[in-house]
Amino acid sequence: FGVAEDAWYADNEIHQIANKSKTVAFTPFTAPNSRSYSGAYSHIYLTNFSKRAAVMSFDYNNSTFLPGFPQNYASEPTTAFAVTSADLDDDQQPEILATLKDGTVLAWKSDGSSFISHGEGTQLSLFVDPGKPLSGPVAVADVIADTFPEVVATSRDGILWIWSTDDQDGNGLADTLLTYTIADSITTFPTVDSEKNIVFGTEAGQIIFFSAAKRKIIHSVKISDSAVQRICQLAVPSGIMAATESGEIVHLSLDGKVISKKSLFVTGEITNIISGYLDSTQVQRVVFTTDAGQLWAINTNGEVLPGFPVRIDGVTVSSPVLADFDSDGFGEIICFTNSAIYAFNHNGTLCNYFPFFPHESGTLFAASSLSPILADVTGDGTCEILTSTINGDILAITRNCKIATGFPLTAGATISATMLANDVNNDGKIELFALATDGKLYGWRTEGVQTGSEGILWNQFQYDAAHSGCNSAVSSQPPIKSPGKFLSTVYNYPNPTAGPTTTIRYYLRGTAQVQVKIFDLTGNQVAELCDFNSTPGDNEIVWNVGNLESGIYIARVEARGEQQGVSFIKIAVMK
């Protein structure tokens with residue numbers, strides 16, 4: 001039945017005393033408050049309550065819900081591949097598209113209205129309905145060189161569709177420009193390369209390059225006897241990277257030639273593959289995750305980079321993203337599982353403060369079709385990691401591994417697809433969109449400022465509307481050369497250690513050879529560890545303590561490279 005401070009009317013003294021306030025209000029910060037059951041911020045503010053009367057009034061404000069949203073996209077609970085943004089009508093304002101797993105594609109303008117006008121009885125936001133499930137989300141790009149974008153989709157039963165963004169026949173759907181059928185099952189979503197060709201993979205192990213302008217297949221390349229699982233593009237060097245069901249990684253040129261092919265001992269099924277700048281070589285690297293908890297980073301020849309693969313929990317890992325998240329001049333890899341959000345350095349070590357465990361925020365919703373996004377949603381000039389929990393809370397995690405101010409937001413239902421962050425109404429601020437299983441597209445205003453590409457590092461599934469999976473942006477920050485000790489921040493974890501190993505972590509301001517000598521308290525050397533290829537940033541060496549007795553040990557860490565440095569730490573071993 002509530003208590004006295006729950007009653008909202010002007011001059012409720014008990015409410016004022018309970019809240020140490022001279023006014024009566026219902027906000028995320030009052031008692032009681034307007035947060036969700038999980039503690040997420042609703043951003044609902046009820047203020048200026050009138051005095052008790054038969055008819056009363058108050059002021060309502062929600063600082064985050066975007067006008068025109070949420071929008072219904074389904075009449076019953078359903079799931080989706082992704083929400084994407086692209087300027088469909090060349091008005092300099094991006095539209096919002098959603099690809100549902102039943103094959104339906106929907107499109108909205110920035111104010112929540114349907115992109116295509118419909119007659120009565122038609123689903124308000126419907127764009128196209130091919131009548132069958134698609135092999136992944138649609139791609140948007142100008143594939144016929146007419147300066148306007150087209151929408152491209154593929155289905156598992158071998159059909160390629162290309163739609164215009166017009167409805168010239170007035171049937172309430174986008175006009176079909178081309179339908180093409182191949183004699184094979186299409187296993188990947190389409191991507192549109194830099195030469196405007198549509199590229200996809202098949203069950204028979206082929207990579208297909210299709211020219212919409214010529215209305216035909218221009219290259220069909222057999223790369224494996226097993227199915228192609230995932231593809232992405234490369235910018236430097238240009239080309240296509242493909243991953244097969246049997247663990248083969250293949251690099252193809254844009255004219256359909258196989259440049260390299262490598263078989264890797266991959267555990268589990270590859271969930272997704274992306275590319276971008278990871279280290280200081282100015283050559284793009286390739287990153288992929290698996291549903292058995294592996295994270296791989298390789299060069300374009302398929303050679304595994306030092307520090308990889310990394311094992312994460314042994315469970316399904318989301319699709320990864322790759323960008324310079326902490327502005328150190330190197331790329332970081334971000335991914336998540338059901339239990340934690342991970343950020344890895346270019347050498348496979350965890351970024352400082354990570355992983356992030358949601359705890360009170362609830363279990364994360366991890367699936368191979370989902371990826372985090374990176375955008376500045378707080379207006380502090382740095383990007384946050386955005387993902388969601390099973391109960392529908394939207395998390396924004398800072399580079400210090402904290403929940404950002406004003407978050408979590410809440411949708412009230414599970415977010416079933418990768419979210420979108422973009423300035424869709426040209427107000428200079430970043431808007432956030434999410435598809436929930438309750439059949440609604442939610443939209444929020446954020447404090448993040450977008451100027452060109454500033455404010456956004458990776459804002460949608462597979463990086464862009466063409467689904468390139470390729471972050472071609474070079475970090476605006478040079479690799480670490482800041483002043484300070486050449487070797488610093490030396491410690492080990494866990495400490496004390498009761499397990500078979502402990503990890504010694506150290507920070508370098510340049511490339512070096514690192515030697516670790518470990519002594520007991522009598523001065524006897526008990527171990528020596530070496531890393532001849534330590535790179536700028538955080539590095540780690542694992543020490544096996546299984547054969548040692550309990551006690552205190554001294555580790556001398558010495559780095560020799562562009563400069564030199566020595567540091568000592570104590571390590572406690574408990575058996």
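**Fold and sheet briefing**

With 575 residues, a compact globule would have a radius of gyration near 25 Å, and the protein chain agrees with this at 26 Å; the radius is taken over C-alpha atoms, and the globule rule is 2.2 Å times the number of residues to the power 0.38. This is a predicted model, in which local features need pLDDT of at least 70 and side-chain atom pairs count only at pLDDT 80 or more, whereas totals for chains, interfaces and linings use all residues. Residues are numbered from 1 along each chain as its sequence is written, and side-chain values use heavy atoms, with hydrogens and water left out.

**Overall dimensions and packing**

- The C-alpha trace of the protein chain spans about 85 × 75 × 40 Å along its principal axes.
- Of the 575 residues, 57% count as buried, a term that means under 20% relative accessible area with a 1.4 Å probe, protein chains only.
- Among the contacts in the protein chain with a separation of 6 or more, 51% are accounted for by residues 24 or more positions apart, where contact means heavy atoms within 4.5 Å.
- The protein chain exposes about 23900 Å², of which carbon and sulfur atoms supply 51%; accessible areas come from the Shrake-Rupley method with a 1.4 Å probe.

**Secondary structure**

- Four strands, in the order β4-β5-β6-β7, form an open sheet with antiparallel pairing, where two strands pair if DSSP finds at least two bridges between them.
- Its edge strands are β4 (80-86) and β7 (126-128), each of which pairs on one side only, and the twist averages 30° from one strand to the next, with axes being lines fitted to C-alpha atoms and angles running from 0 to 180 degrees between N-to-C directions.
- Strand β4 is joined to the antiparallel strand β5 (residues 95-100) by six bridges, and threonine 84 stands opposite leucine 97 in β5.

**The sheet β8 to β11**

- Another open sheet is formed by four strands in the order β8-β9-β10-β11, again with antiparallel pairing.
- The edge strands here are β8 (139-141) and β11 (176-181), each pairing on one side only, and from one strand to the next the twist averages 20°.
- Three bridges pair β8 with strand β9 (residues 150-154) in the antiparallel sense, and valine 140 stands opposite valine 151 in β9.

How values were computed
Helix = DSSP H or I, 4+ residues; strand = E, 2+ residues; numbered from the N terminus. Buried < 20%, exposed > 50% of the residue type's maximum accessible area, 1.4 Å probe, protein only.
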